[in-house]
Amino acid sequence: MGRIGHFTTVEGRARYFAAYDEAMRECPPERTELDVPSRYGTVRVYRYGSAGGAPIVLLHGSHASSAMWAPNLPGLAAERTVYTVDTLGEPGRSVQTLPMRDGAERARALEDVFEELGLDGFHLAGLSAGGWQTLNQARHFPGRLASIALFDPANTLGKLTKRFYAGATIAYLWPGDAMMRRFLRWCSGNPPSMDVPAAKVLLSGMSEFRTGLPPLAYPDDGVLRSIRLPVFALIGGRSVVHDPAVAAERARELFPRAEVELWPEATHALVGEQPERTVRRLLEFVAGKG
């Protein structure tokens, strides 16, 4: 039947949204907040900018919320209208009311949102689990999309490594600030601090929220070959989520229309580590595609 994502306690929910609101203050204040209905719940969407050309829609990594895109939004919104989506079934301002049992239902929920917003011919981009969700959308509902961009997508181009899977399992089964900090520091190349607002909201979401979403199913070769949209795949050479070389080669081999880049010095957190470069390459990729 599936489950519905939920906060484990009232106090935990309050702690989470204090962190969330602090993190969202790092995003440009000139934005429109939209609560968009879907058949699986109400989805929080933020709209930035009003520039011409096809819009860009951004899907965040697991538990990260729209706040993770703060470093990227000023550069993107200067050139395009940009939408960020709080993933339904994860911590954030979206409110799930019905379970989603598989990838097709997750794609259906997003399609409901895009239909309600009147979005067509736009560019969809996602990091990590958001990258998986981006490919999943192109698989099930490609008609609205002009292109997709996959930023070190999780369990999409390469299978999750045993070390990552073990670390994530331990962090979720034995939740605690120290364990989760250790896991997230390892995923992001051991940065000097995990006390920035975006990291705080991620840690709080992992601690206070239990998702009911189905696991990210690994797409077989036929799924990748079936994607006829232009694809931009950006892989972190120091990513611990998958084998970066394998992921990049699989993307080059199987996508019919792909630009694939492996940044040797980048980790799984590449969009936050190198925001200006990420923005520049994404804007270069979508130029001429609507």
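Student: Hi! Is Phe232 buried or exposed?

Tutor: Phe232 is buried, with a relative accessible area of 0%. Buried means under 20% relative accessible area, exposed over 50%, and partly exposed in between (1.4 Å probe, protein chains only). This is a predicted model, where local features need pLDDT of at least 70, side-chain atom pairs count only at pLDDT 80 or more, and totals for chains, interfaces and linings use all residues. Residues are numbered from 1 along each chain as its sequence is written, and side-chain values use heavy atoms, with hydrogens and water left out.

Student: Thanks! And how many aromatic pairs does the structure hold?

Tutor: There are nine aromatic pairs. Rings of Phe, Tyr and Trp (its six-membered ring) pair if their centres lie within 6.5 Å; planes under 30 degrees apart count as stacked, over 60 as edge-to-face and the rest as tilted. In one of the pairs, Phe7 and Phe17 have ring centres 5.5 Å apart and planes at 55 degrees, so that pair is tilted.

Student: Where do Phe7 and Phe17 lie?

Tutor: Phe7 is in strand β1 (residues 6-7) and Phe17 in helix α1 (residues 10-24), so their pair ties together parts 10 residues apart in sequence. Helices (H or I, at least four residues) and strands (E, at least two) are DSSP runs, numbered from the N terminus.

Student: Buried or exposed, what is Phe17?

Tutor: Phe17 is buried, at 8% relative accessible area.

Student: New topic: what sits over the ring of Phe285?

Tutor: The charged end of Lys289 does, 4.3 Å from the ring centre. The rule is that NZ of Lys or CZ of Arg is within 6 Å of the ring centre and within 35 degrees of the ring normal.
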